[in-house]
Amino acid sequence: QILSLVELPKRVYDDRANIAVATQERVMILSTDKSLTIIAEIDACVTCTSLSPIGSHCVGFCASSSSSGFQIMYLSCLKSEGRYGIISKMPSHHRVKTRPLLLGLRPDRFSCHLVHG
């Protein structure tokens, strides 16, 4: 079941943009060149339905971690550097059930809203 789908910004030299897709258990970047092909993926417990593009080759998302609460992570389809990683960790509150809603990622900050319930 697809939770979220977002088109990444087009590359300057390309006519087609990559697409990021999130399910409850996986985040993928798909190439739209001749056919839909998975070019990057990570198994992750996605906690909210928002994906945030970080350029034409990368997407940000929220995932849960059993040990540290929530994490804002990225997935990249670039070949040279790490293909995924953690941008920030956010502690969970044991008494109040909250989950983050990722509103956007910028080079100097991220915007996140905690949803109660």
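Colleague: By the salt-bridge rule, what does the count come to?

Modeller: The count comes to one salt bridge. The rule asks for a side-chain nitrogen of Lys or Arg within 4 Å of a carboxyl oxygen of Asp or Glu. Some ground rules apply. This is a predicted model, where local features need pLDDT of at least 70, side-chain atom pairs count only at pLDDT 80 or more, and totals for chains, interfaces and linings use all residues. Residues are numbered from 1 along each chain as its sequence is written, and side-chain values use heavy atoms, with hydrogens and water left out.

Colleague: Which residue forms the salt bridge with E41?

Modeller: Start with the general idea. Side chains of opposite charge can pair when their charged atoms come close. Here the partner of E41 is R26, with the closest N and O atoms 2.5 Å apart. The pair links distant parts of the chain: E41 sits in strand β4 and R26 in strand β3, 15 residues apart. Strands are DSSP runs (E, at least two residues), numbered from the N terminus.

Colleague: Is E41 buried, partly exposed or exposed?

Modeller: Check the cut-offs. Buried means under 20% relative accessible area, exposed over 50%, partly exposed in between (1.4 Å probe, protein chains only). E41 is partly exposed, at 41%. R26 is also partly exposed, at 31%.

Colleague: How many residues does the largest nonpolar core have?

Modeller: In soluble globular proteins, nonpolar side chains tend to be buried together. A nonpolar core here is a set of buried Ala, Val, Leu, Ile, Met, Phe, Trp, Tyr and Cys residues joined through side-chain atoms within 4.5 Å. The largest one has 17 residues. V27, I29, L51, V59, F61 and L75 have the most contacts inside it. At least two residues of this core come from each of β2 (19-23), β3 (26-31), β4 (37-43), β6 (58-65) and β7 (69-76). β6 gives the most, with three residues. A second, separate core has six residues, including F70, I72, M90 and L105.

Colleague: In what order do the strands of the open sheet run?

Modeller: Two strands pair if DSSP finds at least two bridges between them. The open sheet of four strands has the order β5-β6-β7-β8, with antiparallel pairing. The edge strands are β5 (52-53) and β8, each pairing on one side only. Eight bridges join β6 to β7. Six join β7 to β8 (residues 84-90). Seven of the eight residues of β7 are buried, so β7 is largely enclosed by the rest of the structure.

Colleague: What stands opposite Q71 in β8?

Modeller: K89 does. Q71 counts as buried, at 10% relative accessibility. Its contacts beyond four places in sequence include F61, C62, I86 and S88.

Colleague: Where is confidence lowest?

Modeller: Where pLDDT is low, the predicted coordinates should not be read in detail. pLDDT is the predictor's confidence in each residue, from 0 to 100. Confidence is lowest in strand β10 (residues 109-116), at a mean of 64, and highest in β2, at 93. The protein averages 79, and 74% of the residues score at least 70.

Conventions:
Contact means heavy atoms within 4.5 Å.
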